[in-house]
Amino acid sequence: MKLDILAISAHPDDIELGCAGTILASIAQGRRVGIVDLTRGELGTRGTPEIRRAEAEAAAKILGAEVRDNVGLADGFFQNDKESQLSLVPYIRKYQPEIVLANAKEDRHPDHGKGANLIYDACFLSGLRQIDTFDEFGNAQAAWRPKFIYHFTQDRYIKPDFVVDITPYWKKKEEAIRAFRSQFHDPNSKEPNSYISSPEFLEFLEARSKEYGHYIGVKYGEGFTSRRILGVDNLWSLI
């Protein structure tokens, strides 16, 4: 399955919080998008891996993603090492994305920065033909390297290199986030409170999106950083 964009993140719900609006906008433009979660989020304060898996599938349907996979790395303990890199490379080669969206390069949760570096390095290694990988049917995979890797912002403020207008998709993004009912504010929940379970957290998320949107003269935006200089061939394509 050839995809245009592959969104890869450390935990289920990272994608929804960080770049769901961009995914929705891309799909509306006719792009094919898939999601890969590195871990099951098994160390989360609330919910279980099984619950989060079901919630992740529900969120993927809301977004219209073609597929959602899980690498199964250890939440909190995975490293950007050979074993983890070779666990991710087959997914990159399977879906052959032109663009990869990845975790923030640094953030409150250490998995986010680790995940960003792991994803970046795995994308490079995926393009080396001397590394042998196989798909789920045992077939040898061809080397593939995405053209662009963009890091979305998460809890910590990061000055973006560019902002995507997600104004028409904000309500749908909220719906995808709320698909993770075990994680976010639910007045009927009996589970312990967590950093992201207060109603103020979702208010903060909206405020951040409005801040990024304000930078480019729209209501809501999602910010991204790039490790390479970006170029354009048409000044009129800029907002």
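**Close-up views of a predicted model**

**View 1. Leucine 128 in the loop between helix 4 and strand 5.** At 32% relative accessibility, leucine 128 counts as partly exposed (between the limits for buried, under 20% relative accessible area, and exposed, over 50%, with a 1.4 Å probe and protein chains only). Leucine 128 is placed in the loop between helix 4 and strand 5; helices (H or I, at least four residues) and strands (E, at least two) are DSSP runs, numbered from the N terminus. Apart from neighbours within four places in sequence, leucine 128 is in contact with Arg93, Ala143 and Arg145, where contact means heavy atoms within 4.5 Å.

Residues are numbered from 1 along each chain as its sequence is written, and side-chain values use heavy atoms, leaving out hydrogens and water.

**View 2. Aspartate 132 in the loop between helix 4 (110-125) and strand 5 (148-152)****.** Aspartate 132 counts as exposed, at 61% relative accessibility. A separation of 45 Å lies between the C-alpha atoms of aspartate 132 and proline 192, which are 60 residues apart along the chain.

**View 3. The buried residues of helix 5 (residues 170-178)****.** These are Trp170, Lys173, Glu174, Ala176 and Ile177. Seen down the axis of helix 5, they fall within an arc of 160° and so line one face of the helix; the arc is that of the directions from the helix axis to the C-beta atoms. Their cover includes helix 1 (14-28), helix 2 (49-63), helix 6 (199-215) and strand 7 (221-226).

Definitions and conventions:
Predicted model: local features only at pLDDT ≥ 70, side-chain atom pairs only at ≥ 80, totals over all residues.
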